[in-house]
Amino acid sequence: MPELQNLTLNFGPQHPAAHGVLRLILEMDGEVILRADPHVGLLHRATEKLAESKPYNQSIGYMDRLDYVSMMCNEHGYVLAIEKLLGVKVPERAQYIRVMFDEITRILNHLLWIGAHGLDVGAMTVFLYAFREREDLMDVYEAVSGARLHATYYRPGGVYRDLPDVMPQFLAGKFRSEKDAGRLNENRQGSLLDFLEDFTNRFPGYVDEYETLLTDNRIWKQRLVDIAVVSPEQALQLGFTGPMLRGSGVEWDLRKKQPYEVYDRMDFDIPVGTNGDCYDRYLVRMEEMRQSNRIIRQCVGWLRVNPGPVMIDNHKFTPPSRTEMKGDMESLIHHFKLFTEGYCLPEGEVYSAIEHPKGEFGVYLVSDGANKPYRLKIRAPGFAHISAMDDLVRGHMLSDVVTVIGTQDIVFGEIDR
Amino acid sequence: MTKPEQLIDQLRTRFADDLTSSEVTPTAEITIETTVEKMSAVFLALRDDEQFQFDTMIDICGVDYLAFGVAEWQTEEPENTGFSRGVDSIADVADDLVAQPGRRFASVYHLLSTALNHRLRVRVYAPENDFPAVNSVTGIWRGANWFERESFDLFGIVYEGHPDLRRLLTDYGFIGHPFRKDFPLSGHVEMRYDEEQKRVIYQPVSIKPRVLVPRVIRDDSRYVDGNNPQEASSDA
């Protein structure tokens, strides 16, 4: 009988379950994985280096493109770092808007995750369901910023502009009949907040739908239960944050433990897992969607009754309004200086972290007093998670690799940066 | 949550001579600096001491201090000539810059204690500028592995004792360390498909990066104390 040898298998970078451009070198003994060596960097764009060559405000758009399924949360981490170093305090209304959009983003992220994770493991239908709801939320993105994905909505000092009073509606035309447009516009008759409130009323029902498809599904459980079990100690050692850490039973959420903006006024719970396997992490994320929904409701309620500014009016850092600019010399100068040169940050360094849908998203900013960052380091949660790939898949079967990639909620925009 | 003042006192008492610097920043964060010789002991104590319990290595980040405080354009008085795009970028003039010995490269660590809910930043300067090297902390926090590989890849900082110090983010066969201040934004080589050789080839870059907005360091009336943003925003 010939001697059996280990097989080296190349997985990706062009593989539908690789969630982008992951290349995995797998050392296999039959179908069992002995060693996994992820090769990343195929999407490396040197965002941090690019940011060093641009005034602060021009890099906000790059942040959207890091983790391109939770755009506004990335922006949040970045503008928070600038605000911390500048020492500015954002108007209350802007803080509520930010919290609301952070949670919208969290739902957007988790919806894509559940869709892709389901698809990887073989549950096709969830993907279609999840994208139905993503559509509504991306319309909300579009209504406030004009872009469905890369919003550039958060600015140092607040948010770009206040919430619109009318929700954009569908038009009837060649491809959409009068009747269809009317049906789609039913809940778009009022303001953006009305639309969101309607969404939060519907959403728990949708989550129930996903759960009926998956939670007790025999195949789903066979693929997820007891796969990639991570103990709490191991999770901390590996630098896990977010749902990956909470799935292992560590109750750690920056929104509760080190609250930023107005999270300390929000009423919500942190779900934690018990076994630390893929199934627990699935349950944690499902519950997080429900909790995000609760937070959005609270924000909508507050924003309805509390009008106010959404941007500080210190025009050394924020642009003056167009009308002011046309008539007032000083505003014109401010505008000109802000858009040609930007503003300088005091010399120093700052680290700001937010609870991103995937974990702790941190921005470490070193300033030497110039109008551009001296060094910008982005701490992406997914980076720590994928670095633990070898620990998670060792001893599992080849098909479990796909489950692990799904449970880690990998997005290469943030890992490669 | 431990108060920064309290934590820094604990740190100063515990490590006394091991720290070369320790401060609480205006943003209420703690930065301590230690040396390569002492770092392994300090990090181990930070993880294991009852009063610190830094159980998570959040981030490791290389920093190149070569061009710290260097502006691309300086004006004090009004003048006739404005900024033109012909200005040299930092990378163009980096050869003339000289960092102080042992102060060019630093490895910056961000630690988090989920048990006691506090954070800490530790900076370790690499003692040599030409061959920067610090000790690896992968033995203390497993999660440090890739962060050190990234810093090695981008800055060329060697982490001694790292089990598998390979490049991580850059291309296979990449030459140089792209995040150093003397590395141009456009890189040195570009890649294209060559019709004659029927393969992808590398060639020297054909573009020259332009400075669109110069790096300036201002200390004019906008940034003097009487007009600092903190006060300006509180009365807004």
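**Surface patches and selected residues in a predicted two-chain model**

A:Asp313, A:Glu324, A:Asp328 and A:Glu330 form a surface patch of negative charge. Patches consist of residues with over 30% relative accessible area and no salt bridge, like charges being joined within 9 Å and nonpolar side chains (Val, Leu, Ile, Met, Phe, Trp, Tyr) within 5 Å. The model is predicted: local features need pLDDT of at least 70, side-chain atom pairs count only at pLDDT 80 or more, and totals for chains, interfaces and linings use all residues. Residues are numbered from 1 along each chain as its sequence is written, chains are lettered from A in the order in which they are written, and side-chain values use heavy atoms, without hydrogens and water.

**Chain A: charged residues**

- A:Asp313, one of the residues of the negative patch, is located in the loop between helix H12 (278-305) and helix H13 (322-327).
- A:Asp313 counts as exposed because its relative accessibility is 51%; the class requires over 50%, buried means under 20%, and partly exposed lies in between (1.4 Å probe, protein chains only).
- A:Arg161 belongs to the loop between strand E5 (158-159) and helix H6 (178-185), and its relative accessible area of 40% makes this residue partly exposed.

**Chain B: overall fold**

- Chain B contains 5 helices and 9 strands, where helices (H or I, at least four residues) and strands (E, at least two) are DSSP runs numbered from the N terminus.
- Along the sequence, the pattern of chain B reads α-β-β-α-β-α-β-β-β-α-β-β-β-α.
- Chain B has 236 residues, of which 50% count as buried.

- B:Val189 lies in strand E8 and is partly exposed, because its relative accessibility is 47%.

**Chain B: a buried aspartate**

- B:Asp55 sits in the loop between helix H2 (36-48) and strand E3 (56-64).
- B:Asp55 is buried without a salt bridge, and B:Arg47, the nearest side chain of opposite charge, is 9.6 Å away; a salt bridge would need a side-chain nitrogen of Lys or Arg within 4 Å of a carboxyl oxygen of Asp or Glu.
- The side chains of B:Asp55 and B:Thr114 are joined by a polar contact of 2.8 Å (a pair of N or O atoms within 3.5 Å, one able to donate a hydrogen and the other to accept it).

Note on methods
Accessible areas come from the Shrake-Rupley method with a 1.4 Å probe; for residues, only the protein chains shown count as cover. Lys and Arg count as positive and Asp and Glu as negative; His and the chain ends are not counted. The place of a charge is taken as NZ of Lys, CZ of Arg, CG of Asp or CD of Glu.
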